[in-house]
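Me: I would like to go through this model and ask what the labels on it rest on.

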Amino acid sequence: NGTILASASYDRTVKMWHVESGKLLKTLKHAGGVKAVAFSADGRYLASADDAAVKVWDVRTGKRERLMRGHTFDVTALAFGAGSVLASASEDDTVRTWDVESGKELRVLKGHLGMVTAVAFSPDGSAIASGGYDRTVRLWDTDTGSHFHTLLGHSDDVLSLAFSADGALLASGSGDR
């Protein structure tokens, strides 16, 4: 809802701040440096990762609600889709989707030839975009987990992804020039 900002840090914390006042609201402690953080669309949950597991927190209470394990190496990026669906990208070359309400793993998306460093849902939730060290952006059907398109053109690692609000455009950021 734009009133809370979450900052992830290698100091082993996620801090939640009130945007207007700048007041620190909560500090969520982790065992290692936090590499990824994402809010659910309804603002109820905050997901974070400091290792191969995904932690899901209740934003209101600051209590950890779920610990979701499946990745074999560190999680590098997180994104919420429609409802309670969360995607996690990892150094294990996969993207996994999760139902945050149950903590159940829904799909494992395999196809990247290196660590996956970026993930985003289309605004309507029908597609997931992922990018990584193989210099590709891959598009996946959210419901089936099927890969349906690969975008080529980067000469270095893909580091970030974002869909336009209408879903017509997908931006990708890379270390290339």
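Me: Leaving aside neighbours within four places in sequence, which residues is V54 in contact with?

Reply: This is a predicted model. In it, V54 is in contact with A47, S48, R66, L67, M68, V75, L78, L86, S88 and W98. Contact here requires heavy atoms within 4.5 Å.

Me: What makes V54 stand out in the largest nonpolar core?

Reply: That core has 14 residues, and V54, L78, F80 and L86 touch the most other members. Strands β4 (36-39), β5 (45-49), β6 (54-58) and β8 (75-80) each give two or more residues to this core. A second, separate core has 11 residues, including A77, L109, V119 and F121. In soluble globular proteins, nonpolar side chains tend to be buried together.

Me: Why is D93 called partly exposed?

Reply: Its relative accessible area is 28%. Buried means under 20% and exposed means over 50%. The value for D93 falls in between, so D93 is partly exposed. D93 lies in the loop between β9 and β10 (94-99). Its phi is near 75°, a positive value in a residue other than glycine.

Me: How do you know that R135 counts as partly exposed?

Reply: By the same cut-offs of 20% and 50%: R135 has 39% relative accessibility and therefore counts as partly exposed. R135 lies in the loop between β13 (127-132) and β14 (137-141). R135 is not a glycine, yet its phi is positive, at about 70°.

Me: Where does V85 lie, and which residues is V85 in contact with beyond its neighbours within four places in sequence?

Reply: V85 lies in strand β9 (residues 85-90). Its contacts, with those neighbours left aside, are A79, F80, T97, W98, L106 and F121. V85 and E101 are 16 residues apart along the chain, and their C-alpha atoms are separated by 8.5 Å.

Me: How many positive and negative side chains does the protein chain have?

Reply: There are 20 positive and 22 negative side chains, and the centres of the two sets lie 8 Å apart. The accessible surface comes to about 8900 Å², of which 50% belongs to carbon and sulfur atoms.

Note on methods. Residues are numbered from 1 along each chain as its sequence is written. This is a predicted model: local features need pLDDT of at least 70, side-chain atom pairs count only at pLDDT 80 or more; totals for chains, interfaces and linings use all residues. Side-chain values use heavy atoms; hydrogens and water are left out. A nonpolar core is a set of buried Ala, Val, Leu, Ile, Met, Phe, Trp, Tyr and Cys residues joined through side-chain atoms within 4.5 Å. Buried means under 20% relative accessible area, exposed over 50%, partly exposed in between (1.4 Å probe, protein chains only). Accessible areas come from the Shrake-Rupley method with a 1.4 Å probe; for residues, only the protein chains shown count as cover. Lys and Arg count as positive and Asp and Glu as negative; His and the chain ends are not counted. The place of a charge is taken as NZ of Lys, CZ of Arg, CG of Asp or CD of Glu.
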